[in-house]
Amino acid sequence: MNQPSPRQSRDPSAAQGALSGLRVVDLTGDPGRFSTKLLTELGADVVRVGTGSPGLPLADRAAAALGGVADWWYDGGKRRCRLDVSTAEGRDAYRQLTSAADLVIETERPGRLAELGIDYADAAAENPALVQVSITPFGRTGPRAQWLGSDLVSAAMGGMMALTGLADRPLNVWGRQAYNYAGFVAATSGVAAALSARSTGRGAHVDLSIHETVTGSIENLFMQYFFDDVLPLPKVAPRQGALHWLGAYDLAECRGGEGGYVMITLTPTPDLLFEWMVETGFDEVARWVGADPADVLLDVTEVMDAVRRWIAPRDAREVWWEAQERHVAFGGVLDVAEVCANPQFAHRDFLAEVSTPERIAANGSHVPASAATGGAGTVNMPGRLVRWSDTGRSGSIPPCPPAEVDTPLDEILASWAAPASEARNGTSRRPVSAALSEGADDRRPLDGIRIADFTWVLAGPSATKLLGDLGADVIRIQSEERSTLVNSPDFPYYFVWNRSKRSATLDMQHPDALTAARRLIETCDVLIENFSAGVLDSWGLDWATVHEWNPRLVYVTMSGCGHDGPWRHVISYAPTVHAVCGITHLTNFADRGDVGPGFSLNDHLAGFAAAVSTVGALYARERTGEGQRIDMAQLEVGTYAIGAAIIRQSAGVSPPRPEGNRDGIADHVPNEVYACSDGFVAVTVTEPAQWLGLSGLLADTRLDDPTLATEHGRRDRRTVIDQVLGEWAAGRTAVEAAEALQAAGVPAGPVQDSHQLFADDPQHAARGFWQAVNHAIFGERTVDAFAGLWNGQRWFPRHLSPAYLGEHNFDVWTDVGYAPDEIAEGIGDGLFL
């Protein structure tokens, strides 16, 4: 496929993505570049504006040391318009853009745009349908609104690093995942609001906090904290390497490390693993053969120790594949080169080749492609987030190089000449209740959208939780047979991840189930599921059938590896995906290989990916009149999240490897965690002014070297800088250190655990992030809120998690045409069970 030259911009008129026609102003630095990358991939016309200064990098200077990796990953396909909003001329140009745009994504310091007279209120006065998403480290309000952030600081303060690493060595997940979290939520919120603006003519402002986004999206952190009276787990979840909170997943070393590492687990059926072990003569586990899985979990520590001993002399790759053949969900830990060679990716055309006539070298000069890629003239990168149905209305566009020339303002305005947020096809939304339509404070962008939710465990429920928070009527379809342990309303896990939903029961084995499912699906806008490939097909709910029932339906599947290809039936839970997609390998210290993420990161990433794809498909439906099938492979989402590593690997630019807390995209120095008297503090420097503030604060003669003013110079003296900072931090508490560093203009923050985030975090308290609720089963509890303020308001959950299966059966099934006596009869004969 021919790709545009890096000196050219993608022609927005040729885009056929889901968001074709969406006009986006991108006023972001590093915290927001991923969100606008997602919009660009989905077909939006994204115009990146700024001056190229360190505060708003168009060509990230730090990333140039790694061959411009950040620009290739984040900015490919965007148009670029150079303007300086600090000048009157630049502000006038910015106003012209926002008067014609549908959506603005920005990461400016809280208050700066208002000072310049170009904030949302100013722009909305000229363009009432405009949507603006403001991404900031801590939100625009609150005592820490002006604190500086980085991905490392966000991960430390938000809770990711409370669980990732070793007890005495906090570790950040590779690939700026805190920023990825925020980017997904920003893109989802922005598209949802733009979709609403099409029909209402009213835009919105979203004050999105990275801090809140991270805190609210960590699998077990607050389940354990808020339900310590119910669960036999520590109230404050600890860092414990790769060991999962259930104890049933962990990394095991093979042949003293020379045989690699493998993610071991007892799931999905412990007997299959035990029988295999016994076959090899390992009789130690014979006593668990045939035992109830719940009883096995009671002995999980002893069982996992036995599995580690059994696997120790084996080769990780060999045991991984034999396990999969036996339906045991092991996963070998693959490095990035092995990930790039994955046959599943080749079959599904996941990785794309992008022409690269030249690249940026460490000194900023341009290097011919032959020097960058050994003569190939291409860079490989993830070509898409999800795969869309082949109906001639593709959901995403091929990746492009970053633009190296500006697009004139007049040219952009001419292409945006139609009125902003012009309505296309009429919406199919159901009427919103009078109570909601009259309550402006609770008007939400997905009001009137109905979702049939056939998801379970975490990845799917986290997607529908976000969509429900945004106003969709999410109907959680379950049966009693499948609703055990974490899928049961009486388990805390279900409480945490299933708010904003209604519960209806349906046994798909019942002879009348397909009729009932059809009645429901015909009234829905979205069907979403995350079972293994083929499960919904076996129920008669395949895409071709439901598309015939309801041509406007958006059909989202979230299988482990996708619905086709040689790995179609590979069993994959989040820890397995981490191992196989490259995340585990990179999320390690240089002297370790057995750490990886300490929580189910990829389940959350997959949930976010499903949410943004869903709203993108709904947006496209307003133009095309039809729905689409979205085939997500959670394995692909994991590798997409470390896309910069794929670029580095293919271009031969400093091939990625585990390096602890170093930023693998730009290698900022410092970017590390330091021990304090009572914990740890995370510190990052990305700009010259921040280094001046840090060196002035530390006042250490070992830092009196003018070469340290540059990032390249600091990389050469990394050990000295870490030593000085470590000595300084050791005599202070983590909060004292963070406050002193922030006062000096340095991004910093304490590594916070669940107790600190709930009881001691002044920002969460001031912004009302924690909300007290009363649940029918669990009584008085606390829930987190949507990760930001919508038009200045904090949203409260419209629904807590269902108290019991089928709690809303009569409401749901009556709404699709069943009489109350038919519903009662259906409950009695097992249909609605």
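**Helix contacts**

Phe34, Ser35, Leu38 and Leu39 of H1 touch Asn180, Gly183, Phe184, Ala186, Ala187 and Val191 of H9. The model is predicted.

Q: What is the hand of the crossing of H1 with H9?
A: H1 passes H9 in a right-handed crossing.

Q: How many residues of each class does the contact of H1 with H9 have?
A: The contact has 7 nonpolar, 3 polar and no charged residues. Gly counts as polar here.

Q: What makes H31 oblique to H33?
A: The axes of helix H31 (residues 688-698) and helix H33 (residues 718-730) cross at roughly 55° and come within 11 Å. That angle again falls between the 35 and 65 degree limits, so H31 is oblique to H33. H31 passes H33 in a left-handed crossing.

Q: Which residues make the contact of H31 with H33?
A: H31 supplies Trp691, Leu694, Leu697 and Leu698. H33 supplies Ile721, Val724, Leu725 and Trp728. By class, the contact has 8 nonpolar, no polar and no charged residues.

**Aromatic rings**

Q: Why is the pair of Tyr225 and Phe226 called edge-to-face?
A: The whole structure holds 37 aromatic pairs. In the pair of Tyr225 and Phe226, the ring centres are 5.4 Å apart and the planes stand at 70°. Centres within 6.5 Å make a pair, and planes over 60 degrees apart make it edge-to-face. Both values pass, so the pair is edge-to-face. Tyr225 and Phe226 are both buried.

Q: Which residues do ring pairs link into a cluster?
A: The cluster holds Phe34, Trp73, Tyr181, Phe184, Phe608 and Tyr640. Phe34 and Phe184 also take part in the contact of H1 with H9.

**Burial**

Q: Why does Val379 count as buried?
A: Val379 has 5% relative accessibility. Buried means under 20%, so Val379 counts as buried. Val379 is in strand E15 (residues 378-382).

Q: How do you know that His764 is buried?
A: The relative accessible area of His764 is 1%. That is under 20%, so His764 is buried. His764 sits in helix H36 (residues 762-766). Beyond its neighbours within four places in sequence, His764 contacts His211, Glu212, Thr215, Leu757, Phe769 and Trp770.

Q: What makes Thr614 buried?
A: Thr614 has a relative accessible area of 1%. The limit is 20%, so Thr614 is buried. Thr614 lies in helix H28 (residues 601-624). Leaving aside neighbours within four places in sequence, its contacts are Leu467, Val526, Val556 and Ile630.

Q: Why is H21 called mostly covered?
A: In helix H21 (residues 459-469), 11 of its 11 residues are buried. Among them are Lys465, Leu467 and Asp469. H21 is followed by Gly471, with a positive phi near 115°.

Q: What makes H7 mostly covered?
A: In helix H7 (residues 151-158), 8 of its 8 residues are buried. They include Asp151, Val153 and Met157. Gly159 follows H7, and its phi is positive, near 120°.

**Backbone**

Q: What is the phi of Arg255, and why is Arg255 called partly exposed?
A: Phi of Arg255 is near 50°, a positive value in a residue other than glycine. Most residues other than glycine have a negative phi. Arg255 has a relative accessible area of 44%.

Q: Which value goes with the cis peptide bond from Thr267 to Pro268?
A: Omega is near -5°. Pro268 is in the loop between strand E10 (261-265) and helix H12 (270-279). The peptide bond from Val669 to Pro670 is cis too, with omega near -5°.

Conventions
Residues numbered from 1 in each chain as written. Predicted model: local features only at pLDDT ≥ 70, side-chain atom pairs only at ≥ 80, totals over all residues. Heavy atoms only, no water. Helix = DSSP H or I, 4+ residues; strand = E, 2+ residues; numbered from the N terminus. Buried < 20%, exposed > 50% of the residue type's maximum accessible area, 1.4 Å probe, protein only. Axes fitted to C-alpha atoms, helices over the stretch in contact; angles between N-to-C directions. Parallel < 35°, antiparallel > 145°, perpendicular 65-115°, else oblique. Left-handed = near helix turned anticlockwise from the far one by under 90°. Contact = heavy atoms within 4.5 Å. Phe/Tyr/Trp six-rings, centres within 6.5 Å; stacked < 30°, edge-to-face > 60°.
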